[in-house]
Amino acid sequence: MTTPRQPNIVFIVADDLGYADLSVYGQTDYETPHLDRLAAQGVRFTQAYANSAVCSATRFALMTGRYQYRLRGGLEEPLASANKSYGLPPEHPTLPSLLRDAGYTTALIGKWHLGKLPDFGPLKSGYDRFFGNYGGAIDYFTHKPAVGAEVPRDLFEGEVPVERIGYYTQILADESAQYIRDAQDDKPFFLSLHFTAPHWPWVGPEDEAVSLSLKDLFHYDGGNLRTYAKMVRSLDAAVGQVLAALDARGIADNTIVFFTSDNGGERFSQTWPFTGQKTELLEGGLRVPTLLRWPKALKPQVQDQVTITMDWLPTLLAAAGTKPDPDYPPDGDDILPVLQGEKTPYPRALYWRYKANAQRAARDGNWKYLRINDNEFLFDVVDDQRERANLRERHPEVFERLRKQWAEWDSGMLPLSDEIFTHGLSPDVQADRYAPEAEKRRRPPTPVS
């Protein structure tokens, strides 16, 4: 009797991609044929959530399978480039370290954003190979985390700075396709492909002149829907290049290809039918496009099961025939039985918090409790996707129950404190966001994601 070969895994993360930024999720201004193909051949999730409304916090949850609020670095919203004190502890088991222990070769190509050298890094947390950027954002052409001749590039091979020429999305696609071509025949691989697209600055593949004229990487004075479309289409083409490499090797059938975003969309994203965006616990800041293809084991399907980023560690470990570390039990669920039809979709109780604007959220079944500063709401997010009808007085018992559930959950997490950095929206940056005049924008000291 032969043991079935473990599946290869390609885990693709977009950066700040909105729920409806792909044509398969409702975008009509442009098409994303390669990701649409992935959706048609696999599982398209309709109720997939990010663990946070901002980048690095979600990545803590992805790597550990646990609420990010269990780790000090996961409290930051997000880890700012100047902060070298916090990161993903090397001793903590991670998705790549657990897969490596199960016989996989592992690589991260793209964005890390889980702590700075020398104390933190991909090679210290389970990856055999790393090519990419350590921080939260870099320019697509200069590959720098800020503007200025004196700013060093944030582009590394392992822990050694390197230089490349070209558009970063394409560079990552080329590196990933080559990794697949070079992969060993006798060992499965886990490839994390973490793009920075379509994160600001607003620069498409033909916009190097725009890149070189930037005054600030936040690019508050630039961008538009046309440029954003170019950025998303280049992301789609990059995914297509990776899918073609799998096809060329003849290994697509037993390769899990997973695609998601680290949080909801930003300035130019489409989040319809939801409201809100990155840094907000409204659905638009948390609901993310999510696709999973594994032809050998899963039938194509549209899946309404509620999921969250921290589910993917136990789910992928189960697919690989291994388990989480018992000393670090995941907060996420293994949803593979639902995808395989062995279990029907089931309700979830999930929780979030966000320091900016004192936000809290809990979803239990179809109900969602939301607090923004001193304003509290109760929504049925299946019936009312726009989060417009506040049902707190119509269903006071549900409102109080979720309120108490959130407080009980919060008591088991690390507390928030004044020193924790947070990044939110304010009217001096975005005209459609309103706040009292006394509310001042807390601008990060350096670019964040």
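A salt bridge here is a side-chain nitrogen of Lys or Arg within 4 Å of a carboxyl oxygen of Asp or Glu. With that in hand, look for R129, E157, R164 and E175: salt bridges link these residues in a network. Keep in mind that you are looking at a predicted model. As background, side chains of opposite charge can pair when their charged atoms come close.

Let's visit a few individual pairs. E419 and R72 form a salt bridge, with their closest N and O atoms 3.2 Å apart. This pair links distant parts of the chain: E419 sits in the segment after α10 (396–411), R72 lies in the loop between α2 (55–64) and α3 (95–101), and 347 residues separate them. Is E419 buried or exposed? With a relative accessible area of 56%, E419 is over the 50% cut-off and therefore counts as exposed.

Next, find D333 and R348, whose salt bridge has its closest N and O atoms 3.3 Å apart. Here too distant parts of the chain are linked, 15 residues apart: D333 is in the loop between α8 (312–319) and α9 (336–339), and R348 is in the loop between α9 and β13 (349–354). R348 has a relative accessible area of 6%, so R348 is buried, whereas D333, at 25%, is partly exposed.

The side chains of E283 and K368 also meet in a salt bridge, at 2.9 Å from N to O. E283 belongs to helix α7 (residues 283–286) and K368 to strand β15 (residues 367–372), so the pair links parts of the chain 85 residues apart. Both E283 and K368 are buried.

K368 brings us to the strands. β15 pairs with strand β16 (residues 375–380) in the antiparallel sense over six bridges, and I372 has N375 in β16 as its bridge partner. The two strands, β15 and β16, form a hairpin with two residues between them, and N373 in the turn has a positive phi of about 55°.

Elsewhere, look for an open sheet of ten strands with mixed pairing, in the order β7-β6-β5-β4-β8-β1-β9-β10-β2-β11. At its edges are β7 (160–161) and β11 (301–303), each pairing on one side only.

Terms used:
Residues are numbered from 1 along each chain as its sequence is written. This is a predicted model: local features need pLDDT of at least 70, side-chain atom pairs count only at pLDDT 80 or more; totals for chains, interfaces and linings use all residues. Side-chain values use heavy atoms; hydrogens and water are left out. Helices (H or I, at least four residues) and strands (E, at least two) are DSSP runs, numbered from the N terminus. Buried means under 20% relative accessible area, exposed over 50%, partly exposed in between (1.4 Å probe, protein chains only). Two strands pair if DSSP finds at least two bridges between them.
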